[in-house]
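Subject: Structure handover

Hi,

Here is the structure for you to look over. My notes follow below it.

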Amino acid sequence: MNFPFVKYYKIHYFLISILIIASIVCLLVFGLNLGIDFLGGTIWEFELENRPDNAVIQEKLNKFDLGEIVIQPTGEKGTILRFKNIDENIHQQMLSSLNEISKVEERRFESIGPTIGRELRNKTIALIIISMISLLIYIAVAFRKLSWPISGWKYGLVSIITLAIDVIIPVFVLILLGKFNNVQFNIPIVAALLTILGYTINDKVIIFDRVRENILRTRSEDFAGTINQSLNQVISRSLSTGFCTLLILFSIFFLGGETLKYFSLTLIIGIIVGTYTSLFIASALLISWSRKRIGS
């Protein structure tokens, strides 16, 4: 097999640039629909023996000072409510009121104050930055012995650029889902994004490691040819690993319930994008950087 991975790199640059620009525009225009984990508030999931219309539930809860209430039906009997932070006394009063409509079986009740929400948001940003810097240092050290045609630390920088893409594209989808389907950006989704970083960096390191082996073994002056050869050597492993992982994630998406639905969806998008950037973007960036250096 000798698939020309790097031949159409300009097309791949164009496609990924369009997605990045669209992501930035949507982030500026719509913003992230942050969940109660970051803003503070309450999420209450329950099942009603005979679920009424949303308007009936809304009318029953109007006597409580809940701020804006978001009512989201799930399945045949389930309902998820989102509203401002409340104490346990109000929770029990609301439960009694809903029991007057139909028997209620609680699934989840989480209430987080605004202070904790801000703290979680700051820690999440710090965690992602620390993760990216750690990965950059790790790859720079692992490839420190390479000096031709580009230095080892540049492999690390290319990895960070493509890892950022692996995260940006799922976030782009989540922004759209938040805008048009009220999907919230919460802690499980942050966990999914960090998992994407860990998964896709593994894919990129394997490809770069094969490039390093071929450079040291063949001593070829054709850097683009060496990269294309390396990609053809690892593509079966990369695709089979990704495919097996996706089978499990699709099972979670369809059978894991509402709580895990968008966690698994984020991982599915991230792994597909990560596999694509590993094969078509990361290596092409190495070649572009080497040509710029040779040209200068």
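Axes are lines fitted to C-alpha atoms, for helices over the stretch in contact, and angles run from 0 to 180 degrees between N-to-C directions. Helices (H or I, at least four residues) and strands (E, at least two) are DSSP runs, numbered from the N terminus.

This is a predicted model: local features need pLDDT of at least 70, side-chain atom pairs count only at pLDDT 80 or more, and totals for chains, interfaces and linings use all residues. Residues are numbered from 1 along each chain as its sequence is written, and side-chain values use heavy atoms, with hydrogens and water left out.

Helix packing. α6 (residues 152-181) packs on α7 (residues 187-218) at about 145°, with the axes 9 Å apart. The contact (heavy atoms within 4.5 Å) includes Tyr155, Leu163 and Val171 of α6 and Leu193, Ile201 and Phe208 of α7.

Cores. A nonpolar core is a set of buried (under 20% relative accessible area, 1.4 Å probe, protein chains only) Ala, Val, Leu, Ile, Met, Phe, Trp, Tyr and Cys residues joined through side-chain atoms within 4.5 Å. The largest has 58 residues; Tyr155, Phe185, Phe208, Phe223, Ile227 and Leu286 touch the most other members. α9 gives the largest share of this core, 13 residues. A second, separate core has 16 residues, among them Leu61, Ile69, Leu81 and Phe83.

Strands. β2 (residues 70-74) and β3 (residues 78-83) pair antiparallel over 5 bridges; pairing takes at least two DSSP bridges. Gln72 has Ile80 of β3 as its bridge partner. The two strands, β2 and β3, form a hairpin with 3 residues between them. Gly75, in the turn, has a positive phi of about 60°.

Best wishes

Definitions and conventions. Buried means under 20% relative accessible area, exposed over 50%, partly exposed in between (1.4 Å probe, protein chains only).
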